[in-house]
Amino acid sequence: MSEPVQPGQPQTTVETGSRMQRLFDLRYVIGALMGVYGIVLVIRGLIDGPEELARAAGVSINLWTGIGLLVVAAIFLVWGITRPLGIDVEENID
Amino acid sequence: MLRLNPGWLDYTLLALYFVVVLGIGVVARRAVGTSADFLLAGRSLPAWVTGLAFVAANLGATEIIGMAANGAEYGVATVHYYWIGAVPAMVFLGIVMMPFYYRSKVRSVPEFLRLRFGNYTHVLNAIVFAVASVLIAGVNLYALAIVLNALLGWPEFLGIVVSAAVVLVYIGFGGLGSAIYGEVLQFFVILAGLVPLAIVAVRSVGGFSALADKVTASALGEEGLHAWQGTGVGDVTNPIGANWVSIVLGLGFVLSFGYWTTNFAEIQRALSAKDRSASQRTPLIAAFPKILIPAVTIIPGLVALIAIPNFGNEGAGGLEYNDAIPALIGQLLPEGVLGIALTGLFASFMAGVAANVSSLNTVVTYDLLQPYLAKGRSDRYYLNAGRVVTAVGVVIAIFTALLAADFNNIMTYLQSLFGIFNAPIFATFILGMFWKRTSGWGGFAGLLTGVLAGALVFILAEAGAVDFGSGIATSFYQAGAAFLVDVVVTVVVSLATAKPEPERLAGIVYGVPGADGVVPTLRQPKERVWYRKPVLLGGLALALTVVLNIVFA
């Protein structure tokens, strides 16, 4: 890639550029937070009584939200494990 | 009436979110070695990260709460703010303008103006942007404090300081990188709170068809369910109060293109992408969630309108429109999801503040300090300057928030004024990128007179000298005037002044080769897989928008 560089302006090099990504993979952070939220909500949903159900218009909303969050968490964790950083498909740019 | 009763579980979920966000900031600190790492995130991020950050940066709570309020006040026509007022401009940015921004290697939007038009236009734009960022961050903080006060009973001052401190810590440590990572996380937390709320809200009124029947019977009437019905010129009956011409040209063209294609808080996310193709895909990936977000803002607004007695009728002791989402959270969500929704509200406020602060520090450091006020210092100096500006910006935002508490109306006016500054700038950029003849003075004069024209329409409308029918219509006409005057003045002054020197054009204007011989064109990057082709992604987003507009016409 050869693009004009402004004089006097520091450009990042490849090493510093990918530091943020090498430190941690955001997919695991999303997967972990959504996963913990999901587990907590599923447990809370299983012990929800008639009071909680009535409040949410009869929807077992804790349980369903928890299941939804676990699905999102699973997608990100599986994505992170099957396509680890560093083997990204090379892209063609002009 | 709005007061929530969160349990210990809700507070635990909220606390967990704060721990994770602060953790990102602390870890990201190790990735910051140079000013470019801090202020530009090292241009290293994949497109899905920058794309979600792009949409989250605009998903501040003033946006979420405001759009739910619009949903209750104007009905389904609120979708215009998304489908007409955002998606076309985002697609245009991704396919047409992003290649120019990214290739020019600028570190900010004002810097592009400096390369192309010179210092006057640059300084004008950089200062306006910096002032606007701080004030808007302050308005966001104040809005957060009001919600915390109503929902949890926190004193306003405490709410402002605590949330500002969290933002300061994670951006002050990790800079743009942690702001962007935080925004992606916020995106998911916000939706994890809003999606269940919308589902329960619809169920609570008896499903979609019951919702539609009740909206038809409400003050909004039948047209509250339609985006385009009743928007005929001269015969506006739709609650949105504007005809289709001013919706398409004013909101869809001038206002939205001005915001989405030149607002640095947004463009910065795309500039931090790892290569040109990823930077182009940033707004295109963001367009898809943007198309669907009205489902979780407008629906709660409509439900609040029909389910809460006297909603929007403050005179009769009812809640105000802005209370739609907080009130439904309190009425419908049990412990557990309640905590997630509360966290989502917090996350959205912080997303708004973080986006403003992280773009402010870049503009002040790279556009005001480095070229003018403190030239030729070491990179270490600019890195530290970036951190100091972050802290100073947050402190000023706190004062702005406290000021807003006393002068709420002034803040509304200030925001309208920044709308005026935003409207003409798209004209200046598009002429600068595609018309070689646009001169430095042409760009400067066009931008300045465009702003003045917008301000004039605003003042005349406020003084009652002209009447466009509604506040929304006024802002459309005001933006339109600013845009037209900018185009005309830029063209006239450019033709009357000397041609720009070739080095002002090289590599950043359509068809003018750069020093490296590369000619900027609209040729799209070659990608092997379909989901990485910008034109295909943009076409899909537009097609989906057209279909939805027909369905909800």
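Guide: Here is a short tour of helix packing, confidence and one record.

Guide: This is a predicted model, in which local features need pLDDT of at least 70 and side-chain atom pairs count only at pLDDT 80 or more, while totals for chains, interfaces and linings use all residues. Residues are numbered from 1 along each chain as its sequence is written, chains are lettered from A and ligands numbered from 1 in the order in which they are written, and side-chain values use heavy atoms, leaving out hydrogens and water.

Visitor: Why are H6(B) and H11(B) called oblique to each other?

Guide: Helix H6 covers residues 87-103 of chain B, helix H11 covers residues 244-262 of chain B, and the two pack at about 45° with axes 9 Å apart. Angles under 35 degrees count as roughly parallel, over 145 as roughly antiparallel, 65 to 115 as roughly perpendicular and the rest as oblique. H6(B) and H11(B) are therefore oblique. The helices themselves are DSSP runs (H or I, at least four residues; strands are E, at least two), numbered from the N terminus. Axes are lines fitted to C-alpha atoms, and angles run from 0 to 180 degrees between N-to-C directions.

Visitor: What makes the contact between H6(B) and H11(B)?

Guide: From H6(B) come residues including Phe92(B), Leu93(B) and Tyr101(B), and from H11(B) residues including Phe257(B) and Trp260(B). Contact means heavy atoms within 4.5 Å. By class there are nine nonpolar, three polar and no charged residues. Here Ala, Val, Leu, Ile, Met, Phe, Trp, Tyr, Cys and Pro count as nonpolar, Asp, Glu, Lys and Arg as charged, and the others, Gly among them, as polar.

Visitor: Why are H8(B) and H17(B) described as oblique?

Guide: The axes of helix H8 (residues 119-152) of chain B and helix H17 (residues 379-406) of chain B come within 7 Å and cross at roughly 60°. That angle leaves H8(B) and H17(B) oblique to each other. Among the residues that meet are Leu141(B) and Tyr142(B) in H8(B) and Ile396(B) and Ala397(B) in H17(B). This contact divides into 11 nonpolar, three polar and no charged residues.

Visitor: How do you know which helix of chain B has the highest confidence and which the lowest?

Guide: The score is pLDDT, the predictor's confidence in each residue, from 0 to 100. In chain B the highest mean is 95, in helix H13 (residues 276-292), and the lowest is 68, in helix H18 (residues 408-422). Chain B as a whole has a mean of 88.

Visitor: What makes residues 1-17 of chain A a stretch to read with care?

Guide: Chain A averages 76, with 66% of the residues scoring at least 70. Over residues 1-17 of chain A the pLDDT is below 50. Where pLDDT is low, the predicted coordinates should not be read in detail.

Visitor: What does UniProt list as "transmembrane region" in chain A?

Guide: The unreviewed UniProt entry lists residues 28-47 and 59-79 of chain A. In the model, residues 28-47 of chain A are 95% helix and 0% strand.

Definitions and conventions:
UniProt positions renumbered as here; feature names shortened; annotations may be inferred.
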